[in-house]
Amino acid sequence: MSRVKPKKPSLCTCELLTKDIISKSISVLREIVSSCYGPSGRLKQLHNGVGGSVCTTSSSSSLFSNLSVIHPILKILTTSVQNHVSRFSDCGLFTAILCFNLVEHFQRLNLSAATVIKISKHLLSLCIDYLNSEICGCRISVDFSNLKTLLCLVQSILTSKPACLLNKKEADHISTLILKAFLLTIPEKATDHAILGKSIIIPLKDEKVMDSTVLPGIVIEMPEVQLIKYPIKKLPSDALKVALFCISMSGDLSDPGEGTLVISYGVSLESAILDQLLNLGNRLINDHVNVVVCQKVIHPALKQYLHQHHIITVDRVGISLMEPLGEMTGAQPIGSLNFISPTSYGYVKDLCTVNFGSKHYFHLIPNDSTVCSLLLCNRNETSWNELKLACQTAQHVLQLTIREPLALLGGGCTETHLASFLRNKVASVPESILKVNDCTETEYKIVADAFCNALQSVACSLEHDKGKILIDRKYGHFWSIQPDFPSNVKWQDLVLKCGCGLFGNQEDLNWCFLQGIHSFSLQNASIQQVTNSTDHLTLDCFTAKLHGLQVAVETASLILDLSYIIEDKN
């Protein structure tokens, strides 16, 4: 029997967004996500109800992949965020929090969903046009001849992940290594269509963070202590010839499937396979191969035979290293034990063994390659996993920044500045805009106010200790002060730096509380001059945040536009 009970008809639920349970579900998940946001975000410990691994994180990728949501509305939102993170790695929490806030703020409006969607899409286009314009006051250019801005970008990513457990010295050290590894992946003779190399992260858990380092080439862990006790005979070109195998060299037979394996009487299968492996070894010896690297396992007898002829063997490297090994050495993976093309071999400059902690590694040193290894250390497995994720995000962000050398101000300043820009922009709405969006000026301003409040709510999510949020009327930047400040003190004596670190309290910027702020004229002219003299800035990836803004608005519009959800619960 395929079913114990008869199949029930699909359940059709109407106007889900009008029910309190949906608002409550959105509110609960918004609180969970918002509390993870920023350098002082609260960590979440995720595990299932029947045991298994426990994940401690504040990263959007780990949070949404380990968090199980049931309601279809939440599934739409989390899927949108996960798709964004899979493409851009960064700004996942920003996207989710903004989407949550847009849905909640738009739901409170006594306007039709169609009107809200039309106006919000127009507001989105205003934001995108402004962020892409030269007059944008929350965008800076990234100069690759000056590594300072790139370093700020990487540091901003690392410091936003408290589960990494890094102090300032450690964060600066890891940031420098990430940037160094990234620069090693850029070809020296880069063209307009240059292909970046690869930076491989090697795990070193339960070690000091400051012991992390970057090495050119590829570092492969030795499964057992296999010290090089004999000299390696190099080629006349002072290089080592490498053979790269992508098949098993252990002598095992592949599964014949539904076929039949026929063995002649009196033939020893084990001896025949071993003879085949030794013939392969003779071919490698005659071709003057110095290093044999295998994705899978090498038979012990073949290993010993090759070692006797001073050939280094490295096996069990795994499929993840095959592509960078081929790129670095120029070798083509060999998929046969019987035939080897002379053009399949590659070359490395040298090979040596290195020790890190209690582990031993082979270090393949390239002649001229864009492949490097980042040996990443941290105190325990939980913090290492989070640090690895942050490093991968930083590497991806740097790659995105090469394509579009721009960055947005972080620390909540882009959100408050963008909201201030919109409030100023919609103070007077042209009649043509109202006609295109089929709305009145009052409706347009109501939706714009909700849109700006949602942006400001994202910035406010950075404050987790009940501090008071301020905004300056000159640049529209985000400022935070202690909750129990004395009433007779000037704002200038309470603030230190804005969220992104661009402005300090040296001048009177006319601060006020963020709540209830109205439109005011922004000044953007001096931003580039100020960034040149600032020690440290909190920055966000321009490409990732711009796409996150689009995803948040479009997903919120999709949720508002839903009338029916047909769910088959069989």
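Where is the place of Ser 89? The legends below take up that residue and several other sites in a predicted model, in which local features need pLDDT of at least 70 and side-chain atom pairs count only at pLDDT 80 or more, while totals for chains, interfaces and linings use all residues. Residues are numbered from 1 along each chain as its sequence is written, and side-chain values use heavy atoms, with hydrogens and water left out.

**View 1. Ser 89 and Arg 316 have positive phi values although neither is a glycine.** Ser 89 is placed in the loop between α3 (72-88) and α4, where helices (H or I, at least four residues) and strands (E, at least two) are DSSP runs, numbered from the N terminus. Its phi is near 70°, and with a relative accessibility of 23% Ser 89 counts as partly exposed; on this scale buried means under 20% relative accessible area, exposed over 50%, and partly exposed in between (1.4 Å probe, protein chains only). Arg 316, with phi near 60°, is found in the loop between β10 (312-314) and α10 (322-329), and Arg 316 is exposed, at a relative accessible area of 55%.

**View 2. Tyr 130 and Phe 421 form one of the four aromatic pairs of the structure.** Rings of Phe, Tyr and Trp (its six-membered ring) pair if their centres lie within 6.5 Å, and planes under 30 degrees apart count as stacked, over 60 as edge-to-face and the rest as tilted. The ring centres of Tyr 130 and Phe 421 are 3.9 Å apart and the planes stand at 10°, so this pair is stacked. Because Tyr 130 belongs to helix α5 (residues 113-131) and Phe 421 to helix α12 (residues 413-425), the pair ties together parts that are 291 residues apart in sequence. Tyr 130 is buried, at 4% relative accessibility, and Phe 421 is buried with a relative accessible area of 14%.

**View 3. Tyr 475 and Phe 503 are a stacked pair in which each residue lies in a loop.** Here the ring centres are 4.0 Å apart and the planes are at 5°, so the pair counts as stacked. Tyr 475 sits in the loop between β16 (468-472) and β17 (478-481), and Phe 503 in the loop between α15 (491-494) and β18 (511-513), so that parts 28 residues apart in sequence are tied together. Tyr 475 is buried, with a relative accessible area of 6%, and Phe 503 is buried, also with 6%.

**View 4. Helix α5 meets helix α12.** Contact means heavy atoms within 4.5 Å, and the residues that meet include Leu 123, Leu 126 and Tyr 130 in α5 and His 417, Leu 418 and Phe 421 in α12. The residues of this contact divide into eight nonpolar, one polar and one charged, where Ala, Val, Leu, Ile, Met, Phe, Trp, Tyr, Cys and Pro count as nonpolar, Asp, Glu, Lys and Arg as charged, and the others, Gly among them, as polar.

**View 5. Glu 104 lies in helix α4 (residues 92-107).** At 11% relative accessibility, Glu 104 is counted as buried. When its neighbours within four places in sequence are left aside, Glu 104 is in contact with Ser 23, Ile 26, Ser 27 and Arg 30.
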